[in-house]
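Look at the model below and take a moment to trace the chain from one end to the other. The paragraphs that follow go from the whole protein to a few selected places.

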Amino acid sequence: MENTWQYILIIVVAIIIGVAIIKSKQKDFRLEANKLIEYLGGKDNILNYETNKSRFIVELKDTKKVNKEGIQKIGAQGIVEIDNQLKIILGEQAQKIKKYIDALK
């Protein structure tokens, strides 16, 4: 009987540790979206945005306000600048970040 409680306790602790590890690996998309907005020069600098598969495409008033290094630090795999538009390759994060930014506007 005493061994049973020890096994139950070990299993519960293992589950708690497993859940903590999984949660720590998940990105906080609210934080990512807020950082992305900041790195793009703020909400007022963003004219329009959309996603296309893994790309987050944003039209800006002034591309000089963009912090490309910051954008890459939050996980961008690449950034292409054409005139006043940026195409940011974010992978599967693109859709989630767009949804969060939609909620902010």
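Two residues are in contact when heavy atoms of theirs lie within 4.5 Å. Among the contacts in this protein between residues at least 6 apart in sequence, 58% join residues at least 24 apart. The model is a predicted one, in which local features need pLDDT of at least 70 and side-chain atom pairs count only at pLDDT 80 or more, while totals for chains, interfaces and linings use all residues. Residues are numbered from 1 along each chain as its sequence is written, and side-chain values use heavy atoms, with hydrogens and water left out.

The protein has four helices and four strands. Both are DSSP runs numbered from the N terminus: helices are H or I with at least four residues, strands are E with at least two. Read along the sequence, the pattern is α-α-β-β-α-β-β-α. The accessible surface comes to about 7400 Å², and carbon and sulfur atoms account for 54% of that area. Such areas come from the Shrake-Rupley method with a 1.4 Å probe; for residues, only the protein chains shown count as cover. Of the 105 residues, 29% are buried. Buried means under 20% relative accessible area, exposed means over 50%, and partly exposed is in between (1.4 Å probe, protein chains only).

Now turn to two of the strands. Strand β1 (residues 46-52) pairs with β2 in the antiparallel sense over six bridges; strands pair if DSSP finds at least two bridges between them.

What follows β2 (55-60)? Lys61 is found in the loop between this strand and α3 (68-73). Lys61 counts as exposed because its relative accessibility is 56%. Leaving aside neighbours within four places in sequence, Lys61 is in contact with Asp44, Asn45 and Leu47. A polar atom of the Lys61 side chain lies 2.9 Å from the backbone oxygen of Asp44. Lys61 and Asn84 are 23 residues apart in sequence, yet their C-alpha atoms are 6.8 Å apart in space.

The last stop is helix α1 (residues 2-25), where Ile16 has its place. Is Ile16 buried or exposed? With 54% relative accessibility, Ile16 counts as exposed.

Terms used:
A polar contact is a pair of N or O atoms within 3.5 Å; within protein, one must be able to donate a hydrogen and the other to accept it, and residues adjacent in sequence count only if both atoms are side-chain atoms.
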